[in-house]
Amino acid sequence: MVKTQLLVVGGGPAGLAAADTAASLGIQVLLVDEGRSLGGQLVKQTHKFFGSGEHHAGVRGIDIPQLLLKEGQDKITFKLNTTVIGCYQDRVLTALTGEDEYFKISPQAAIFATGASEKFLAFPGNDLPGVYGAGAVQTLMNQYGVLPGNRVLMVGAGNIGIIVSYQLLQAGVQVAAVVEAAPQIGGYLVHASKLARAGVPILTRHTILAARGKEAVESAVIARLDDNWQVVPGSQQELEVDVVCLAVGLSPVVDLLRQAGCRTRYVPELGGDVPVRDSLLRTSQEWIYVAGDVAGVEEASAAMVEGRLAGAAAAKQLGADVAAADEIIARSQASLKALRGGPVGEKIRSGIAKLEGGIANA
Ligand SMILES: Cc1cc2nc3c(=O)[nH]c(=O)nc-3n(C[C@H](O)[C@H](O)[C@H](O)COP(=O)(O)OP(=O)(O)OC[C@H]3O[C@@H](n4cnc5c(N)ncnc54)[C@H](O)[C@@H]3O)c2cc1C
């Protein structure tokens, strides 16, 4: 049994910030991640991040993880290639390193920063080789240097669909079109404009109807949608592609939290089922905190600040200096308020409002 004061599950921006903050407040931290390197989604992001300088805007995602480990780094034990596979209400977690090294962890508190998983779409042929999620395409291309194919249909014009389309072009892959069911492009227009300049059509109010092929994807059928989201008869067209890439949203990874008895609630604005938590990101299990996309799908900037907030709150619970922890908590809460201000933050604000008073009322 491995004992630690604080266990952090997930080494993306939220988990790294949480671990660094708690460790800098004198807490002994064990951070585990199933990946082979730290950074979560960041290790695939070759583009310069948007947002504010305080949150590393203008820095390429792949360069951000090392900036997140500051004062606390020496007090953190990192265990990579390690998946937490069980979490029980008696504060015991089970984990697997590599293929066969099982062990138990007994922390006094835990922060879950497990991120989000990709949503999928139902259509004929969606099980053909060549149909990928955008995360898989990024992993193949940007981590392993392997092209997914030669000509891609991208489904979804949010930030992920647009950015991955551009990265495909940079890697020499053709993008036949980006289809988006909504009437407008969801991603930042600065990225969409780059695609438009490269001649890639972004077809709003369009969807995929089917992927076709014998052994693998050879083509995809798309069609226009009317104001009621119904296919416009006669608008079908078949595009010759060998890859269909789905970028249709993310869902928080809450399975382990549910197993531990944490209450969840369905909040579509935050990506689906999310853990109910208080303003310190503490769940209905008083020893478990959450941070980042697992608490609601947002952006790396919010994930980092939530990590600092949860790290300080957990450290305070574990006996760290109260004044120092409170100072970080207050700064992080103000920073989150600023990040979620204005029209861009409206969706997240309304989602979080649905969780207010959550622990008591869930
Ligand atoms: C294409 C793309 C472009 C983006 N561009 C931007 C941008 O420009 N600006 C911005 O602010 N944000 C951007 N984002 C969003 C940003 O990457 C995410 O919001 C952020 O990474 C979320 O951080 P996280 O730490 O919550 O989760 P993640 O980064 O997903 O990290 C979760 C970690 O948990 C680990 N994990 C999960 N389950 C387990 C388990 N059971 N055991 C052990 N480890 C586990 C995973 O291996 C992973 O390392 C982009 C995302 C994508 C996909």
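In this predicted model, N81 sits in the loop that links strand 3 (76–79) to strand 4. N81 is not a glycine, yet its phi is positive, at about 55°. Most residues other than glycine have a negative phi. N81 is partly exposed, because its relative accessibility of 27% falls between the 20% and 50% limits.

T82 belongs to strand 4. T82 has a relative accessible area of 1%, which is under 20%, so this residue counts as buried. Its side chain makes a polar contact of 2.8 Å with the side chain of T97.

A positive phi also occurs at L281, again not a glycine, with a value of about 70°. L281 is placed in the loop between strand 18 (272–275) and strand 19 (288–290). L281 is buried, because its relative accessibility is 5%, under the 20% limit.

Strand 4 (82–87) also takes part in the ligand site, where it supplies at least two residues of the shell. Helix 1 (13–24), helix 4 (159–170) and helix 7 (300–317) each do likewise. In total, 32 residues surround the ligand. The closest are D33, Q41, F50, V84 and D293. By class, the shell holds 13 nonpolar, 14 polar and five charged residues. Residues of the shell come from both domain 1 (2–117 + 250–361) and domain 2 (120–246), so the ligand lies between the two domains.

For D33, a polar side-chain atom lies 2.6 Å from a ligand oxygen. For P13, a polar backbone atom is 3.3 Å from an oxygen atom of the ligand. For A113, the corresponding distance from a polar backbone atom to a ligand oxygen is 3.5 Å. Taken alone, the ligand exposes 1000 Å², and the protein buries 92% of that area.

The largest nonpolar core of the model comprises 41 residues. Within this core, L6, V8, L25, I27, V29, I76 and I111 have the most contacts. Strand 1 (2–9), helix 1, strand 2 (29–32), strand 6 (101–112), helix 7 and helix 8 (322–339) each contribute at least two residues to the core. Helix 7 provides the largest share, 11 residues. In soluble globular proteins, nonpolar side chains tend to be buried together.

Note on methods:
Residues are numbered from 1 along each chain as its sequence is written. This is a predicted model: local features need pLDDT of at least 70, side-chain atom pairs count only at pLDDT 80 or more; totals for chains, interfaces and linings use all residues. Side-chain values use heavy atoms; hydrogens and water are left out. A residue is near a molecule or strand if one of its heavy atoms lies within 4 Å of it. A polar contact is a pair of N or O atoms within 3.5 Å; within protein, one must be able to donate a hydrogen and the other to accept it, and residues adjacent in sequence count only if both atoms are side-chain atoms. Accessible areas come from the Shrake-Rupley method with a 1.4 Å probe; for residues, only the protein chains shown count as cover. Helices (H or I, at least four residues) and strands (E, at least two) are DSSP runs, numbered from the N terminus. Ala, Val, Leu, Ile, Met, Phe, Trp, Tyr, Cys and Pro count as nonpolar, Asp, Glu, Lys and Arg as charged, and the others, Gly among them, as polar. Domain bounds come from an automatic or database domain assignment. A nonpolar core is a set of buried Ala, Val, Leu, Ile, Met, Phe, Trp, Tyr and Cys residues joined through side-chain atoms within 4.5 Å. Buried means under 20% relative accessible area, exposed over 50%, partly exposed in between (1.4 Å probe, protein chains only).
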